[in-house]
Amino acid sequence: MMLPPSHPDQATKWENVILPPTKDLHKIDVYRQGGGYGALKKALAMKPEEVIEEVKRSNLRGRGGACFPTGLKWSFMPKAGTKAKYLCVNGDESEPGTFKDRQIFEFNPHLLIEGTLIACWAMGITAAYIYIRGEYGKWIRMLERALEDAYSNRLVGENILDSGFTTQIYIHKGAGAYICGEESSLMNSIEGDRGYPRVKPPFPAQVGLWGCPTTINNVETIANVPVIIERGAAWYAGVGSPKHPGPLLVGVSGHVNQPGVYEMPTGVPLLEIIHKWSGGVPGHKGIKAVIPGGSSTMVLRGEALEGVRMDADSLKAAGSSVGTAGLIVMDEDTDLIAVITRIAKFYYHESCGQCTPCREGTGWLWKLLTRFEAGEARMSDVALLMDVANNIEGNTICALGDAAAWPVQSMLRQFRDEFERRTVDRPDDAPVSA
Amino acid sequence: MLNENNLKRVEELKRRYPTTQALTLPVLWMVQEQEGYVSEASMQEVAELLNVTFAHVLGVVTFYTMFHTKPVGRHHIEVCTNVSCMLRGSEKIMSHLEHRLGVKCGETTPDKKVTLNETECLGACGYAPMLAIGEAYHEHLTPDKVDRLLEGLS
């Protein structure tokens, strides 16, 4: 899993707190010996609103891609009312380039369970569903085993740690659908339906699972909660980038010597992640492009990476976003047209079909791109491709439409010449666009 | 239809959800584990068991890619061809498998032993290229490693 940086002396110093290198940490006894479930005890001695306040002060922002402030999200949940309230923990982890949550299921499942319990206490929730993608059968069983141990140690269920607080945690297995990582689609999937996203508003905090107030948080987000309670909001807020602080699980894939998931503070320069943490590019080749935060984030040119950091603000300023921190590295020999065609095919396959611009548009994008890939496109197809992408963006119920449009738009903006070179009617003397 | 053990599991699961419709995915998983795929007759029975319409069950089965409506080979090989695996040579892995198995992607060997498919990202991007045989992930693949995997299939 997490290899140490290949040149540790030159890399940002960090001692893992989400994925510490403790042997057998997945076992409940080992976890408890290291102080595990101490944060839960601490939280249960606090008032629920104090827990929410602490999470707010920590500036924790969601790790599922949208970077929404977690404490603020929790505060949207109604305090009173007769309706049941629910927590959904999103472990659908289907964004290409993302493979971080599975590390938590495998190496530190009790941290996730403890965070889930603290979140439930803070929001007055008595049932939480952890939704995990169906392909993760092995990791579902790992988490199930940890959950059974937590139940038999009376850490979940009735009267937790004699506090009088009762809450249940259930694992819900998906069945192969990228869209179920979208929060409203995830709720429909738990309700036993097709994973169609819902129109918002109403937002889940008012009308969520079975029409009841619901909060949806990413697995990694929830895993950060015990750390905040244990070490305090002030400590947490001081880690990494002030506006987007905390430890971050960065998944590096593609053309690097040591791909993998690395835990580091937010704000580490992308070039340091590539060259120091991940061992650099094979054959000392140059970097043509990177996708910084999973396949739906905008592509960046390799030569534009100087000074760009792995946090929400820096990547936004660079014209992309942190997403799920799934960094995909492409060396100088990469055929970017093949890459974007494959990405477009993915969104075409995964579009749920509910909104016309996405259902039809993702197919058009892919078909147009196959023309470029085959060298059969015309110059007019370059503008057509952008036009189709622009007509998907912002015109759909959920963000999948945007996620399909952004990679194509950014690839066209950053590497227009690559597209033009694949056309049949590009004049020989045409200047190559930048 | 569901065996006794699974029917018991269904009763236990009912306590986890406020509606029986919510059991659609878990029950379909049980059917597929038991039968290898979800037939139309099974869908009808699931509908009756959960007091939902056949149309609802059919809608769910056809929405999620992991539910099979037709039998697949004894071993279902799925090769990830998404971006991170593609950058690490998944194409070579796929063509090697096609060559070795004598079938194209999407087909089943005549002896019904192996079904070969491509799949979307399985969350193993740092260990690419990869494939899954059923639930088991096989990562850091090379053609040699693929050969050994195939030899190990009964």
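Where in chain A is Pro202(A) found? In this predicted model, Pro202(A) sits in the loop of chain A that runs between α8 (183-190) and β4 (214-218). The peptide bond leading from Pro201(A) to Pro202(A) is cis, with omega near 5°.

**Chain A as a whole**

Chain A contains 17 helices and 11 strands. Its radius of gyration is 22 Å, which agrees with the value near 22 Å that a compact globule of 434 residues would have. Along the principal axes, the C-alpha atoms of chain A fill a box of roughly 80 × 50 × 35 Å.

Of the 434 residues in chain A, 61% count as buried. Among the chain A contacts with a separation of 6 or more, 70% are between residues 24 or more positions apart. The accessible surface of chain A is about 16100 Å², and carbon and sulfur atoms account for 52% of that surface. As for charge, chain A carries 45 positive and 50 negative side chains, and the centres of these two sets lie 3 Å apart.

The size of an interface is often given as the accessible area lost when the parts come together. Between chain B and chain A, the buried area is about 3900 Å², with carbon and sulfur atoms giving 55% of it. Three residues, Phe63(B), Leu87(B) and Glu135(B), supply 17% of the area that chain B buries against chain A, more than any other three residues. The contact involves 60 residues from chain A and 41 residues from chain B.

Is Cys125(B) buried or exposed? Cys125(B) is buried, because its relative accessible area is 3%, and the cut-off for buried is under 20%. Setting aside neighbours within four places in sequence, Cys125(B) is in contact with Gly97(A), Thr98(A), Phe99(A) and Ser253(A) from chain A, and with Ser84(B) from chain B. The C-alpha atoms of Cys125(B) and Asn82(B) are separated by 8.9 Å, although the two residues are 43 residues apart along the chain.

**Backbone details**

The loop between β2 and β3 of chain B also holds Pro129(B).

| Cis peptide bond | Omega |
|---|---|
| Pro201(A) to Pro202(A) | near 5° |
| Ala128(B) to Pro129(B) | near -5° |

Another loop to visit is the one between α7 (137-152) and β3 (168-173) of chain A, where Arg154(A) has its place. Phi of Arg154(A) is near 60°, a positive value in a residue other than glycine. Leu161(A) is found in the loop between α7 and β3 of chain A as well, and its phi is near 50°, again positive in a residue other than glycine. With a relative accessible area of 32%, Leu161(A) is partly exposed.

**A buried histidine**

Which residues does His244(A) touch? Not counting residues up to four places away in sequence, His244(A) touches Arg61(A), Arg63(A), Cys67(A), Thr266(A), Asp311(A), Ala312(A) and Val322(A). His244(A) belongs to strand β6 (residues 244-245) of chain A, and it counts as buried because its relative accessibility is 2%.

Key
Residues numbered from 1 in each chain as written. Chains lettered and ligands numbered in written order. Heavy atoms only, no water. Helix = DSSP H or I, 4+ residues; strand = E, 2+ residues; numbered from the N terminus. Rg over C-alpha atoms; globule rule 2.2 N^0.38 Å. Buried < 20%, exposed > 50% of the residue type's maximum accessible area, 1.4 Å probe, protein only. Contact = heavy atoms within 4.5 Å. Areas by Shrake-Rupley, 256 points an atom, 1.4 Å probe, with all protein chains shown as cover. Lys, Arg positive; Asp, Glu negative; His and termini not counted. Charge placed at Lys NZ, Arg CZ, Asp CG, Glu CD. Buried area = accessible area lost by both parts, 1.4 Å probe.
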